[in-house]
Every structure is written in structure tokens, then in C-alpha cells.
Amino acid sequence: MQNIKSSYIALVLIVLGAVSFTSCEDLLHEEPQSFYSSNTFFESTEQANMAVIGVYDLLGTTNLYGQVVSAIFPCDTDISQIRGTGDDGSKRSVGHYTGHPSVAMFERAWRDYYVIIERANYAIDGISKMSQYTDGTDEEKLVLEQYIGEAKFLRALVYFDLVRMWGDVPFTTEPTSVNEDLHVTRTNRSVIYDQIIKDLEYAKAKLPWASEAPQNERVNQGAARGYLVRVLMGRAGYSLQLDGSITRPDNYLEYFKRAALEADTIIRSGEHLLNYDYEQVFRNYAEGKVEPMESMFEIAFAPMGINAENGGFISTYIGPKTDAKSSYGRANAFINAMWPFYETFSLDDARRDVAIAPYEVKADNSRKYYDTKKSNYHKIFPGKWRREWNASSPEFTNETDVNWVLLRYADVLLMYAEAINECRNDLPGNLTMADAFGAVRLVRQRADLDPWDESISQSDFRENMVQERAWELCYEGWRKWDLIRWNLLNEKIQEAGAAAKAIREKYPYPAMDNFVDGKHQLYPIPQRDMDVNNGLEQQNPGYGS
């Protein structure tokens, strides 16, 4: 699929930030013609577009959604865990809750997130100062506002990741060329949330709907609104504070109300629908096909053959283990699904055999199933990202061109229902509980399941939603963060561990013993950044001073 990643490669190397070439002898000074300087870069809408594509580009690095944030950071929970039990100082230590501030995976993700923020700030600042932005044609003004909307959406996305993973973090909305203070202190996450919401409000007002700009690798209005719903739900939820307490805002219901109304706008727009076939949604991702209605925003990866380094590890890292000699190519499969979660699915649920693959693929393309012996139960895999479905050439043993989905319409429907239920005693606008049950009905109907009993209580609805989101959205990167905002991560890890040990006493599940409540809801600030930034004085709870 031709996408923004390959377009970025084909365009030009963008030097983002202040770039100067100086000499003590002016006569020897020469401006290289193959580079743009920060003073002359923003001269056309094409250059503005290039700057925005440069912001998108880093989301797909191995340190972020190419591997770490999509596959490793979401582990371990009640639905998945990193394969293997030893502490390797890398993926296993992160997943099994033995990670420390010096783990390189934390440092690299943190670094790439802040490079994206710098790029976004640079693009927003540069485009807003273009003469076309204030004095250009109506068409030029419109497209530049859309580019700023995209950059603000991406900045909001990254800051939302940072506050979910690290809590209070350094925060700036200016490029370093404007603010050169590198010793930035931590900002309370409530202030950052205010800016995230402000950025998404701008983006939704300036971006076209999907029907007006049919591509899901660049953000559209539906995605901006959908991500705003997700942010509002996150802000309404619990989070670990620097003093060790786990709290949520006193006015959390106001965020649920705003989320419900925002989701209602998306639903009533008619711009997005569920694909009638749950399996086909993920086959489309694997085959590089556009999923125009349900898929609302994806992280793009370059088609293989252009540049393998710009592929992701989707379906080789997370998916069934696949022999390199098979016709599909190799999949190392470092993520295991939890058997107790597999057993929670109804046999009638059409999602179960899509979500979980209890087998590996052998060299002759046959399948070796693990569901006949309890000693093998821990070996099963997430099934949504199968190498068998992948259109990428098998010659690439690690990278694929499978896009990573960040927002599906099914997620919006479930967040909508959850938000309405949370404020069911003081519903905003014309919303009713019938709207909530109707949204859930759509999701379950596709899975061949009966709707919920509409007489259930608020607490029963909430409990059902915890499970429904797991069945519908498993292995799409959101389970851990849902459990944290519900303040259920520790509880669910312990429940999963007990259920695993009931199946087999030696069922490997390190998270049950390693997880520390009031510590592991956040990652540690990377030690390198603590060392070089005097503004970072306090480490996150449980990780030392």
C-alpha cells in the first residue's frame, strides 16, 4: 500500500529544528543546496506538508508503534504476557514488571516521543508564521490550517501516551529554537491534559471527515473526535500520582459527559460503520487493504521493497509463531495470550478464533495446536496479526508493512456506552441508556452474541464493559491502559495468576509475583534523562529518588 511513510522517504530529508552552517570566515561559508534551513523551509504548502509528514514518520519507529508501544508496553496483563520468564534487561523486564530506570527500552521510547513533540512544535510554529497562513488564498489558508490540525493531533497523541505511561512529564508547546531551556521540570498531568484537549478540539474543527478525505493513514475529523473521546475517558479515570496515591479528578463525571456527547457526534455523522465481518477487519490490515469505515486511524508502515527499515514488527513479533521455511515467512512471536482469557470467550463468540491462535505454523504450512495438553496452554498466541494473512514478502524475516490500528469504530461505540453508563443519573443532552445498550448491541451482534439485559444496574453494566472491551479490543494495545484508568490492573493480574495456577501449578506468569500496586501503573523516568536534566528531581513512586 502506498502510504505516508513511503511518501516521506520519496520526498526529501527534512532537517527539523534550527540548522545553521557557519564558519569563522564568511568567505568560506556555503549553503548546501540539498538541505533546508529552518529560516527558509516554510515557503510553500508543499514544504509545510513535508514537515507534517515528518511528524507522522517517527510514530512507526521500532521504539514506538513499530514494536515497543504496540506489542511490549501493553504487556503483562490478564490477556497477554511476554514470552519467557527470565529478566533479560529488555522486553521481559518491561513486561514482567522488573524494569528499572536504566532499561534502554524506556529511554528510547521517551527520546523518540520528545523528538516527535519537537517536530510537531516546529511544524506548528513554522506554518503559523507563513505568509500564506494569514495572507494567502482561501485554499492555501484552508490547507495550512488542516496541516496545523494534523500536527496538533499528533502532539496530543504523543502527550497522551506520555502521561499514561509516565504521569507528570516535561511539557512544552514551543520548538527549542524559541525556548532553549533544556532543563524542563515535570508539569502536572492535568495541565498537559488541558493542552491535549485543546489541540484535539482545534484538530476536529479544521480537519475534513473521512468521506471528504478518504485515507486512514492521515488523521481526519472522525479520528480527531474519536481520540478526544479516548482522552476524555482517560482523564476521567484513575492514575498513579507522585505521592503514591491512585486517584481520579473530583469532577470526573464532567469528562464522561463530554466523551459521551463527542462520541454521539461521531455516531450520528454516519461517517463510520462496523465491518460486518470481524475477521475481515484484521485480514484487511494484514493484506494492506483500506478499511474505510471501521478503521479510523492507523500508524503507517512502508511497503516492503522500498525500505525494510521502515517496516514494523506487526505480525512477526505479535502473532502466531511461524517457521521461517514456511511460505509465509518467519514470525518469532514474543507475545503469548493468556489461556484463562481464552476460556472466558463464549463458544459462540465469533471473535475468539480471530483474537487467539492456539497453534504455531510449521515449515510445511501445517499447524501444530497447543490446546490438547495443559502443559502447552501458556504457548498460545494473539491471532489478529497473523503472518499467514500477511501480504508482505517472506524474504523480510522481521519487518512487515502491516499498519497498526490506533482507533476503530467499535472502540468508539464501547467508549460511548461506557461514558453514558457512568453518568446515567445525570445524562447530558438527549442521551439515554437506550443509546448505550444500542451501541453495545451493535458490537455484540457482529460477534453473533445476544445483547445485554437492559435492566442491569450501573455496576453490572460497568463490570460487563470491563470484559466486553477485552473481547473486542484484545491485542490492539489498550487493555493495560483500560485497567489502569479503572484502577483494576493489580486485581486483574492477581485474578489471572490464580486462574493460571488453577489450570497448572507451573503455569509461567511472572507478573503475578512481580507487580507492585502503586508502582507499576507508571514507568520510571529514564535514568539518563534524570542525570542530564536538572529539572527532573523526583523519580516515579517505587523506582528510587
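Trainee: Which residues have the most contacts inside the largest nonpolar core?

Mentor: Phe-73, Trp-166 and Phe-297 do, in a core of 158 residues. A nonpolar core is a set of buried Ala, Val, Leu, Ile, Met, Phe, Trp, Tyr and Cys residues joined through side-chain atoms within 4.5 Å. Helix α7 (residues 138-166) gives the largest share of this core, 15 residues. Bear in mind that this is a predicted model, where local features need pLDDT of at least 70, side-chain atom pairs count only at pLDDT 80 or more, and totals for chains, interfaces and linings use all residues. Residues are numbered from 1 along each chain as its sequence is written, and side-chain values use heavy atoms, with hydrogens and water left out.

Trainee: Why does Arg-164 count as buried?

Mentor: Good one! Buried means under 20% relative accessible area, exposed over 50%, and partly exposed in between (1.4 Å probe, protein chains only). Arg-164 has 11% relative accessibility, so Arg-164 counts as buried. Arg-164 lies in helix α7 and touches Tyr-65, Trp-478, Trp-481, Gln-521 and Leu-522, leaving aside residues up to four places away in sequence. Contact here means heavy atoms within 4.5 Å.

Trainee: What makes Cys-75 buried?

Mentor: Its relative accessible area is 2%, so Cys-75 is buried. Cys-423, at 3%, is therefore buried as well.

Trainee: How do you know what span to expect for helix α10?

Mentor: The expected span is 1.5 Å times one less than the number of residues. Helix α10 (residues 252-269) has 18 residues and reaches 26 Å from its first C-alpha to its last, close to the expected 26 Å. Helices are DSSP runs (H or I, at least four residues), as are strands (E, at least two), numbered from the N terminus.
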